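This report describes selected features of the structure shown below.

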Amino acid sequence: MTELIKKKLRDEIEALEHELIHELPKEIKKAAALGDLSENAEYHMAKQRQEFVKARVRQLGKRLADLSMVNMNNIPKDRVGLGSTVKVFDNDKNAEVEYKLVTSEESDVTAGKISTTSPIGRALLNKKPGDTTIVVTPNGNRELEILTLSTIYDGLPVD
């Protein structure tokens with residue numbers, strides 16, 4: 001699961017570094033040749049893009065380092081964790097809802113994939129079936145009862 005995300009991040013870093021090393025210097029040089037830098041919109045846009053790309057490369061590098069620290073052995077086998085699929089009863093909606101806990105890069109609320117760092121994801125972490133948890137939201141607190149749990153280990157061969 002995390003290997004695919006790491007590859008995606010590495011690919012994005014590689015593309016941004018190519019832009020930073022090869023394309024942006026050409027754009028800056030070309031814009032600088034147009035004259036007065038104080039009123040040169042092309043030059044300022046290219047410099048802004050350069051700063052944005054540098055910041056994004058740093059951000060992606062940090063995220064890549066964070067993902068490298070994920071130890072699959074630390075993901076619980078009997079409680080909600082990364083990769084778990086959880087069916088909950090939402091008392092506010094009076095309905096059953098199913099969530100899959102994923103990394104922030106994979107989250108897609110419409111598909112039921114929520115990040116472990118989202119309010120609902122954080123509230124569900126380390127809970128077991130039968131547990132109730134409170135999710136603090138801008139619209140008030142929501143009470144969720146964990147009905148069923150399937151972890152990333154379910155269906156894997158036993159060692």
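## Basis of the model

The model is predicted, and local features need pLDDT of at least 70, side-chain atom pairs count only at pLDDT 80 or more, and totals for chains, interfaces and linings use all residues. Residues are numbered from 1 along each chain as its sequence is written, and side-chain values use heavy atoms, with hydrogens and water left out.

## Helix α2

Helix α2 comprises 28 residues, 41-68; helices are DSSP runs of H or I with at least four residues, strands are E runs of at least two, and both are numbered from the N terminus. From first C-alpha to last, α2 reaches 40 Å, close to the 40 Å expected at 1.5 Å a residue (1.5 Å times one less than the number of residues).

Its buried residues (under 20% relative accessible area, 1.4 Å probe, protein chains only; exposed is over 50%, partly exposed in between) are Y43, A46, Q50, V53, V57, L60, L64 and L67. At the start of α2, a side-chain oxygen of N40 comes to within 3.2 Å of the backbone nitrogen of E42.

## The sheet

Five strands form an open sheet in the order β3-β2-β1-β5-β4, with mixed pairing (strands pair if DSSP finds at least two bridges between them). Because β3 (113-115) and β4 (132-137) each have a single partner strand, one side of each edge strand is left without a neighbour in the sheet.

Strands β1 (residues 85-90) and β5 (residues 140-150) run antiparallel and are joined by six bridges. V86 stands opposite L149 in β5.

## Residue E96

E96 lies in strand β2 (residues 95-102) and is exposed, with a relative accessible area of 53%. Leaving aside neighbours within four places in sequence, E96 contacts K87, V88, F89 and L147 (heavy atoms within 4.5 Å).

How values were computed: Polar contact = N/O pair within 3.5 Å; in protein donor to acceptor, adjacent residues only side chain to side chain.
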